[in-house]
Structure formats: structure tokens, C-alpha cells
Amino acid sequence: MGQRLGGKVALVTGAGSAGAGWGNGMAAAVLFAREGARVFAVDRDERAVERTRAVIEAEGGACTAFVADVSSPAAVAAMVEACVGGFGGLDILHNNVGVASLGGLLDIDEHAWDRALRINITSMFLTCRRAIPHMVEAYRRDGRIRSIVNVGAVAGRRWTGVPMLAYATSKGAVEPFTRSVALQYARDGIRCNCVLPGLMNTPFVMEPLKQAYGDVDRLIEARDEQSPTGEMGTAWDVAHAALYLASDESNFVNAHALVVDGGQSQQTWRPV
Ligand SMILES: NC(=O)c1ccc[n+]([C@@H]2O[C@H](COP(=O)([O-])OP(=O)(O)OC[C@H]3O[C@@H](n4cnc5c(N)ncnc54)[C@H](O)[C@@H]3O)[C@@H](O)[C@H]2O)c1
């Protein structure tokens, strides 16, 4: 246990994991708690978020589990009020929620398109609108800078080899969203940055993407092969990047997109 986030309250969305094993949000929630944060863990899946809370508490950390769908304005309002009311503040907002959806222009319907945009980017609009007024007010009181960390994806910048139109488009919006919030609130004690994961081995990708590759084994093989290191990254790689951006160590880092992809986006595209 360290104290890189000592004394801070961190709200983590999508703090459960979509399946067995570690998702990015679950790893971030646990890592933030290991570094001294009190974690307000949010997920729409009660069992998943309770699992995260149990891990944190078993390690001696502090966590409240809260069930909310972050694409719902009312649920987001209740979530932020419960965090500020229960923990007395909100220092770190980690917008981790995202859903993967397979399909190109003629494969998906308007419902799938709207759903991806609503969950992947509108959710950030909703959480920031609710959280930022509290953060600004707290900064005016105590002069301590607050941090927002959004999770985008390299898929928002670059073709991944499989058509994921709505996912790529919604994730591509995370960078300009982050930049706009960061620069608007830079004098109000708020930093806003994003992490762009590349190919990560988390439960999140297995179910929605397996049909593009045939089966899960082939999916893992193909994604490992696309990585310059020969292996996908893990949820901990994303969580450690988020920890840096959440902590005061990144005090002068603002409007930044931190790519966590083993160098994949710098190499020539290699179809597999
Ligand atoms: N795994 C990868 O390869 C990869 C790559 C790039 C970016 N990402 C991004 O990382 C983030 C997390 O991915 P992960 O792999 O940990 O996924 P995950 O599925 O393990 O975790 C996401 C959690 O979010 C929850 N969730 C989904 N929709 C929600 C909603 N509307 N409200 C509240 N909770 C909701 C799920 O129940 C799940 O517990 C996502 O934003 C994803 O786009 C992942």
C-alpha cells in the first residue's frame, strides 16, 4: 500500500469487470485504493461492483459500491450526490465506462449506434456536468487541484482490423471532449486528461469481439500478434497510467492523451 492518492476521494465508473478476471475499471479502483484513495465504485452490474468492493475491503482499503447506469442523467445525478454526501467530496473522477460493439456502416442499426455514443461519450458529458461544479467549489475552498481521467481507445484514432464504427467514433470523441473540458477549467483547479488503451487482454473484449475472429483463442492470438511486444497489455497497464494522471505527480499535465498500447499505434498496420 502506498499513499500516492492519500486523502483523496476517487469516483470510478465501470468499476466492475465484464467477466472473470480484471477489467480496466476494476484494476483502477483497486489500485487507487491501494494508493490511499477512498473509492466510490460505480457500475450498472451490482454483482460486479460488489466484487470490486470486496477485493478493496479485503486489502484494508475503503470503498463504497454504487449501482448506476452512467448513461442516465438521473442516475448520474444520484451517483455524484451520494459520493459527495457520503465521502465529503470528489477529488478524482475516473470515467472508465465503455462498451464495445462490433459492426460497420451497414451492419449496425440506429439503436446500436445511439447506444454506443450514449454509453461511451454522452456518459462523460453527464458525469462531468454533475461533478465539475463540486470540484470547482472545493478548489475555491482549499486550493487543491482535482483530476478527471477519461478512458478513450487507440481504436478512436486508428483502424483496428475489424469494423467497429460506433465504438471507434464514440472513442474518437474522447480526445476533443477531454481537451475542451481541460482548457475551459484549467484556472478552476481541474485537470482533465485521457488514457488511450490499445489492445488489452480484458474480459470486455472477449464476448463482443470473438465472432470477428471465429473464437476466443483466435482472437487472443491475433491481438497478441498485432502488438509490437507480441502480447496484449493488461488491465494493470491501463490502471497504472490512470493512477499517474489521477495523482498530483501529473500536476502540470493537462489536456493530454496518454497512449497505452506497447507502441502498436506507431507501427505499420499489420493485418492478421
Ligand atoms: N479492453 C480493451 O482492449 C480496451 C481497449 C481500449 C479501450 N478500452 C476501454 O477501457 C474501458 C474499460 O474496459 P474494460 O476492458 O475494463 O471493460 P469491462 O467490461 O471489464 O469493464 C467495464 C464495466 O463497465 C460496466 N458498464 C458498462 N456500461 C455501463 C453503464 N452504462 N453504466 C455503468 N457501468 C457500465 C460493465 O458492467 C463493466 O463492469 C472501456 O471504456 C473500454 O472502451 C478497453
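**Entry 1: contacts and overall form**

I began with the contacts between residues at least 6 apart in sequence, and 76% of them join residues at least 24 apart. I note here that the model is predicted. I then looked up burial and found that 52% of the 272 residues count as buried. The C-alpha trace spans about 55 × 40 × 35 Å along its principal axes. A compact globule with 272 residues would have a radius of gyration near 19 Å, and the protein has 18 Å, which agrees. I listed nine helices and seven strands.

**Entry 2: the sheet**

I followed the strands across an open sheet of seven and wrote down the order β3-β2-β1-β4-β5-β6-β7, with parallel pairing. At the edges I found β3 (62-67) and β7 (257-260), each of which pairs on one side only. On average, neighbouring strands are turned by 15° against each other, direction ignored.

Strand β2 (residues 38-43) pairs with β3 in the parallel sense over six bridges.

**Entry 3: strand β1**

Is β1 enclosed or open to the outside? I counted five buried residues out of five in β1 (residues 9-13), so the strand is largely enclosed by the rest of the structure. In a regular strand the side chains alternate between the two faces of the sheet. I sorted β1 by side: Val-9, Leu-11 and Thr-13 lie on one, Ala-10 and Val-12 on the other, and all are buried. Both faces of β1 are therefore covered.

I also looked up how β1 joins β2, and the two pair in the parallel sense over five bridges. Val-12 has Ala-41 of β2 as its bridge partner.

**Entry 4: strand β6**

I repeated the count for β6 (190-197). Eight of its eight residues are buried, so β6 too is largely enclosed by the rest of the structure. Ile-190, Cys-192, Cys-194 and Leu-196 point one way from the strand, while Arg-191, Asn-193, Val-195 and Pro-197 point the other way.

I then checked the two neighbours of β6. Six bridges join β5 to β6, and these strands run parallel. Within that pairing, Val-149 stands opposite Asn-193. Four bridges join β6 to β7, again running parallel. Here I noted Ala-257 of β7 as the bridge partner of Cys-194.

**Entry 5: helices on the sheet**

Helix α6 lies across β5 (146-151), β6 and β7, and runs at about 165° to β6. Helix α9 (residues 235-246) packs on the sheet and touches β4 (92-95), β5, β6 and β7. The direction of α9 also makes about 165° with that of β6.

Is Thr-178 buried or exposed? With a relative accessible area of 1%, Thr-178 falls under the 20% cut-off, so I recorded it as buried. Leaving out residues up to four places away in sequence, Thr-178 touches Asn-150, Cys-192, Asn-193 and Cys-194.

**Entry 6: α5 against α6**

Last, I compared helix α5 (residues 165-172) with helix α6 (residues 174-184). They pack at an angle of about 15°, with their axes 4 Å apart. The two helices are therefore roughly parallel to each other. The contact uses Ser-170, Lys-171 and Gly-172 of α5, and Val-174, Glu-175 and Pro-176 of α6. By class I wrote down two nonpolar, two polar and two charged residues.

Terms used. Residues numbered from 1 in each chain as written. Predicted model: local features only at pLDDT ≥ 70, side-chain atom pairs only at ≥ 80, totals over all residues. Heavy atoms only, no water. Axes fitted to C-alpha atoms, helices over the stretch in contact; angles between N-to-C directions. Parallel < 35°, antiparallel > 145°, perpendicular 65-115°, else oblique. Contact = heavy atoms within 4.5 Å. Nonpolar A, V, L, I, M, F, W, Y, C, P; charged D, E, K, R; others polar. Pairing = 2+ DSSP bridges. Rg over C-alpha atoms; globule rule 2.2 N^0.38 Å. Buried < 20%, exposed > 50% of the residue type's maximum accessible area, 1.4 Å probe, protein only.
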